[in-house]
Amino acid sequence: MKIDQTALDQLFFNARTANGFLDKPVPLALLQEAYDIARMAPTSMNTQPTRYVFLTTAAAKERLKPALSPGNLDKTMLAPVTVIVATDTRFYEHMPQVWHGAGAKENFEGNATLATNTATRNGTLGGAYFIIAARAVGLDCGPMSGFDIPKVNAEFFPDGRYATNFLINLGYADHSKEFKRNPRLSFEQACQVL
């Protein structure tokens with residue numbers, strides 16, 4: 001069953017990267033709803049390595065502030081919520097809970113390259129799924145990579161278990177601050193059919 005055009009518009013065609021937000025709080029229940037949707041999407045062996053740290057207070061945002069690039073500073077400090085999308089480097093400790101077969105934990109635990117590659121790839125997928133889920137529940141998203149990752153890791157994850165991937169500002173967009181949509185590559189430019 002194909003979803004209807006209204007849903008496609010909300011998730012993709014009319015959805016934009018939010019560059020500014022209205023002064024309207026985001027309820028915690030909505031963050032949980034978005035997570036509960038995103039967690040259902042596929043990851044390799046159901047690894048689910050993505051972790052989300054929701055910064056909802058001025059004090060939490062102040063901790064993030066020194067790591068932000070100048071172009072992302074004001075909009076992040078004014079966003080109702082900023083999410084640190086991180087990866088659990090020891091995601092495999094949860095494998096007995098999330099995977100149906102024996103030995104998965106030991107397989108990742110004993111192979112650092114496999115564990116790192118799996119965590120990085122699937123952790124990024126989790127962040128992308130969360131953007132779609134947040135849009136599905138009516139939130140606007142401003143994903144960002146313009147910040148100092150080592151500073152964020154030192155401030156929020158000093159034990160090294162989690163590794164920051166990217167940030168997402170969340171809330172209700174101030175559409176007057178949106179940029180004109182930039183062109184997308186065509187099917188012929190981006191795809192091959194073999």
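I began at V98, which touches N46 and Q48 when residues up to four places away in sequence are not counted; contact here means heavy atoms within 4.5 Å. I note that this is a predicted model, in which local features need pLDDT of at least 70 and side-chain atom pairs count only at pLDDT 80 or more, while totals for chains, interfaces and linings use all residues. Residues are numbered from 1 along each chain as its sequence is written, and side-chain values use heavy atoms, with hydrogens and water left out.

I placed V98 in helix α5, residues 95–98; helices (H or I, at least four residues) and strands (E, at least two) are DSSP runs, numbered from the N terminus. I then looked up M45, and found that V98 and M45 are 53 residues apart in sequence and 8.5 Å apart in space, C-alpha to C-alpha. M45 belongs to the loop between α2 (28–38) and β1 (50–55), and Q48 is in the loop between α2 and β1 as well. Although M45 is not a glycine, it has a positive phi of about 55 degrees, and Q48, again not a glycine, has a positive phi of about 50 degrees.

**The cores**

I next searched for nonpolar cores, each a set of buried Ala, Val, Leu, Ile, Met, Phe, Trp, Tyr and Cys residues joined through side-chain atoms within 4.5 Å. The largest has 20 residues, of which V26, V83, F130, L139, I168 and L170 touch the most other members. At least two residues of this core come from each of α2, β2 (81–88), α7 (112–136) and β4 (162–171). Leaving out residues up to four places away in sequence, I168 touches V81, T82, V83, V85, G127, F130, I131, C141, G142 and P143. I also found a second, separate core of 13 residues, with A67, M144, F157 and L167 among them.

Which residues of helix α8 (residues 149–156) are buried? They are V152, N153 and F156, and seen down the axis of α8 they fall within an arc of 100 degrees, taken from the directions from the helix axis to the C-beta atoms, so they line one face of the helix. The face turned away from this buried side carries the exposed residues P150 and A154. Among what covers the buried residues of α8 I listed β1, α3 (58–64), β2 and β4.

Setting aside neighbours within four places in sequence, the contacts of T164 include V152, N153 and F157.

**Cysteines**

My search of the whole structure gave 0 disulfides, a disulfide being a pair of cysteine sulfur atoms within 2.5 Å. C141 is buried at 1% relative accessibility, whereas C191 is partly exposed at 36%.

Terms used:
Buried means under 20% relative accessible area, exposed over 50%, partly exposed in between (1.4 Å probe, protein chains only).
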